[in-house]
Number of protein chains: 2
Amino acid sequence: MRTSIATVCLSGSLTEKLHACAAAGFDGVEIMDADLVAAYESPEEIRALCERLGLTIDLFQPFRDFEGVDDATFADNMRRAEAKFDVMQRLGATLILVCSNVATATIDDDEVAARQLGALADLAATRGIRIAYEALAWGRFVDDYRHAWRIIQLADRPNLGTCLDSFHILSRGHDPAGIEQIDGDKIFFLQLADAPALNMDVLSWSRHHRLFPGEGAFALTDFLAHVLRAGYTGPLSLEVFNDTYRQTDAVRTAAHARRSLTWLADRTAAENGWPENRLDDAQPATGIDFVEIAGADLSDLDQMLAQLGFTFRGRHRSKPVRLWTAGDARIILNEQARHEQPRLAGFGLDVGDARSAVDRALALGAPNVFRRTYAGEQELRAVAAPDGTEVYWNDRPAETSWVTEFDGGTSDTGALRGTIDHVNLGYRWQEFDEAVLFTSSVLSLSSESSAQVPSLSGLVRSQVMRTPDGVVRLPINLAPPTAPLPTRHIAVRCDDLIAVARRARDSGLTFLQIPSNYYDDLAARFDLDSGLLSELRELGLFYDRDGDGEFIHFYSPTVGGVFLEMVERRGGYDGYGALNAPVRMAAQHSTPA
Amino acid sequence: MRTSIATVCLSGSLTEKLHACAAAGFDGVEIMDADLVAAYESPEEIRALCERLGLTIDLFQPFRDFEGVDDATFADNMRRAEAKFDVMQRLGATLILVCSNVATATIDDDEVAARQLGALADLAATRGIRIAYEALAWGRFVDDYRHAWRIIQLADRPNLGTCLDSFHILSRGHDPAGIEQIDGDKIFFLQLADAPALNMDVLSWSRHHRLFPGEGAFALTDFLAHVLRAGYTGPLSLEVFNDTYRQTDAVRTAAHARRSLTWLADRTAAENGWPENRLDDAQPATGIDFVEIAGADLSDLDQMLAQLGFTFRGRHRSKPVRLWTAGDARIILNEQARHEQPRLAGFGLDVGDARSAVDRALALGAPNVFRRTYAGEQELRAVAAPDGTEVYWNDRPAETSWVTEFDGGTSDTGALRGTIDHVNLGYRWQEFDEAVLFTSSVLSLSSESSAQVPSLSGLVRSQVMRTPDGVVRLPINLAPPTAPLPTRHIAVRCDDLIAVARRARDSGLTFLQIPSNYYDDLAARFDLDSGLLSELRELGLFYDRDGDGEFIHFYSPTVGGVFLEMVERRGGYDGYGALNAPVRMAAQHSTPA
């Protein structure tokens, strides 16, 4: 599989974009004319830079508003084309994208379009240039790939073929099965873009809201399968116009983009039983092995975990970390001076085959995390998520795992029997799609419930990524653009929250204080048993209920950039107390760490 | 006119919101239940705070999903209502909004709805509470204000009336003329919101994209006129759910909101020939009087203006400012140590009656700017725009104006005869609607062409505000959220740009350097006269052409936070060279100030 990307997908200058594409491992690029025009480097310099970086120039684009025009416009268009062919020769580019006429077409006649495109192809042939004609979804007379293909057949030139763009085809709801009717060697180029399901004009949808494959609503694996079955052998190229990717770091976005193609090729091959481009099978997570908090001074967390009923299991025999457990809930405190504030630094997932999970993650472009391992210790391999959070995989049962490497504590007292219910990760708004693609492709989690939660500084978008059975849940909370990053937290599930809360209170833990008005509202919303209501109010607990069950929870104070939540799920309750989140965030706003 | 605003419009805690509403001059508020629930303050404390701040609590809202339900649900809904009536009594609120049932209605029968609402009204009456029933645009059975009104008539209770919300009526395209069929004293409340014309589901449109009056596409003056003609005498209240306003500074957003109501009341009165709520008539600007650059050290600008052919007209006799002119283009350099970097600090507009323009601006809530004036000097009155830019108005001809107060320079040499073509203002993305409302209501400019310009750090949204005749043009450029503020600039129009450019070059001014690729592209796009092309290339000028004429322009280097553009408009060209803007921004990115 050869991979390519249009320079318009990325921020920065053309040379910055090319360096980012090379660093991400792309084989080639589509040079956007406008990016070249705005560059100080000559076409010859760009050509030389691409050669040095190992990037082929797979396409030069776009050339607009060419065919279906009157004779005077046609003559001017041929003149325009010749000028661009000059640039292409200086660049060393041999394929140009001609998109169907939007602005100047006046003649709705395939014969005319074919004759004019034929003349263009003949002119291009003298330069060794090939033409890829593409139907734009909003073309004046040609807005369907099948129509473009009929015109190409009519023109019948060896150097005139088509460019297929998943957006232009799928946004219009055109059946991609017809792609298999096209000669594979006449598909000169393939552009891939996903997009969310939006009910808006197709031009704005295309120009602002495209996504990388796997992030939207298009059936891209089916689409790609049709193209490959037609016999296409060129690169898989990304052309994603997206307001966010245009402004995020080019190196990071290019890596994100490259991951989407690896994922797409793997999924397409898997669904069709093809051996090429397959990764190791995804390893479904069967649990959260541990969560790690790092910071220069974690003594407040030691105290808090003890107050909650966690057991101190000791210090690691060779690393500056210590372990607290509460049944299956394991929290590692990593005290390294380089981190100023306590923060949620990583987590581990239980899987059937850890090596395979890591291999798959590395193949998906996740950077390897080095962790020194001494003889007799379990080697835990890990990768870094795009934001630096470390993700570990473990395939040993706890009794024989790294857990045995801690000394100086006691066995789990059983005072608190819990599991990690969810790990809530805060991101900046512009990191959303990257975080979702990482968790879906590398961690094999799926997007489930999503919500908009009002906070005092704007709406927080919350997207839960989880396993279908709910044993692993990673809610992703996104800050509004002007607001600080949402604080991350670890939620621990237990069976008798009221007892846990009472013991923690008795141990001196001060919970996040809940406004009295909240309990008045709770009483209005639910016809609660008065004993339960007064217990909730007395202990300062949150409560929610739906048709499936009940949810009781409370929050620790925030320590640096992290806090803990203790939850109890009664019956089949599967949510997160979304109605309580605004109250919780307002309370945290009023009582900063 | 009494004014009110729903607390959901603003960021911050409930007490922060209330302080902001009072500071902006609102008479009252709608307390959102969720804001109260998340507040530590008791209802009694909120009531006392409102009293101290001089705010009435005009509405408590919302109460949802009440009517059209089965008996068991109805009983629970009455219990819920009683609990909220308790809260209202503690708050001292006497009007509650009940919106039409979305979630639990199962009985599509007006008699049932009327009977249930009647029972609710009777319960409320025992507390001295009135009910305002509102049709939500997405109500299950009741989604039209006329339908809600029929149910209210059926129920026939003195303390049951309706709440009209412009969004719910206009978003559905319902004819607001029918409002005049409602008894004025049965319209218990009026909520106003504007919205952009968007093709999306009405719930998301309502929850995320509402705007303050005057910022969207709704015919709100017509709407308000219908309500007032019906005999409504209550407050004009804003209920604007907007993702941006939820995260911007509450004090600033409240001032912005209050301005929209003053504007709306004035426009409605003006259109209907009503004497109440009228402001001074808008003073159409007939020219840009001057632009002011402030900074600690402006010597680079002195040199640049001289190189461009401006004449030094001297220093002001009493203020630390100096004047440069080029015909009608006047630039004031204000050297005050408190500003670190040169920045575009203000501008003056020519109008027929400056006093009236200032009075109107002050009535629209723009803060007065104090400027010391000595005997014999023209008193130039000014206000501050929301971002702090100072706006002055002048109604004297230049010969007898403040221009005569400068000494020590020469008369205008005539070396450069120009006018200010446009003043380009850079804002942060979240300041867009506020800036548009200020320029439209206070400066009487209208929204015209808008564009999305690709920069190396994201799409820059550009919205031109101007007089119809184009003598005043203020393009507003908005930074992408993650990018720095766009640099502001002053564009000076002249008649022979090539001569101006040549002379400036000869005087040693180095223009912003334009990539050679740009001229190759220009040659491809336009079949340009080769003499003109080589002159553009030699001098480093930008060029554009459309059906109406031509545009030639170049840019100075950036000095601090400001730069100059010199432009020539040939024929009827009315644009700004939008296709050149990405090249200009890329060049500025590569050659920072």
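The legends below describe close-up views of a predicted model.

Local features need pLDDT of at least 70 and side-chain atom pairs count only at pLDDT 80 or more, while totals for chains, interfaces and linings use all residues. Residues are numbered from 1 along each chain as its sequence is written, chains are lettered from A in the order in which they are written, and side-chain values use heavy atoms, with hydrogens and water left out.

**View 1. The barrel of chain A.** Eight strands close into a barrel in the order E1-E2-E3-E4-E5-E6-E7-E8, with parallel pairing. From one strand to the next, the twist averages 30°. Strands (E, at least two residues) and helices (H or I, at least four) are DSSP runs numbered from the N terminus; two strands pair if DSSP finds at least two bridges between them.

**View 2. Strands E1 and E2 of chain A.** E1 (residues 3–6) pairs with E2 (residues 28–32) in the parallel sense over three bridges. Gly28(A) in E2(A) is the bridge partner of Ser4(A).

**View 3. Helices H4 and H6 of chain A.** H4 (residues 71–91) lies across E2, E3, E4 and E5 and runs at about 160° to E3(A). H6 (residues 145–155) lies across E5 and E6, at about 170° to E6(A). Axes are lines fitted to C-alpha atoms, for helices over the stretch in contact (heavy atoms within 4.5 Å), and angles run from 0 to 180 degrees between N-to-C directions.

View 4. Thr3(A), in strand E1, is buried (under 20% relative accessible area, 1.4 Å probe, protein chains only), with a value of 0%. Leaving aside neighbours within four places in sequence, its contacts include Gly28(A), Leu236(A) and Arg258(A). Pro235(A) is 232 residues from Thr3(A) in sequence and 5.1 Å away in space, C-alpha to C-alpha.

Note on methods:
Buried means under 20% relative accessible area, exposed over 50%, partly exposed in between (1.4 Å probe, protein chains only).
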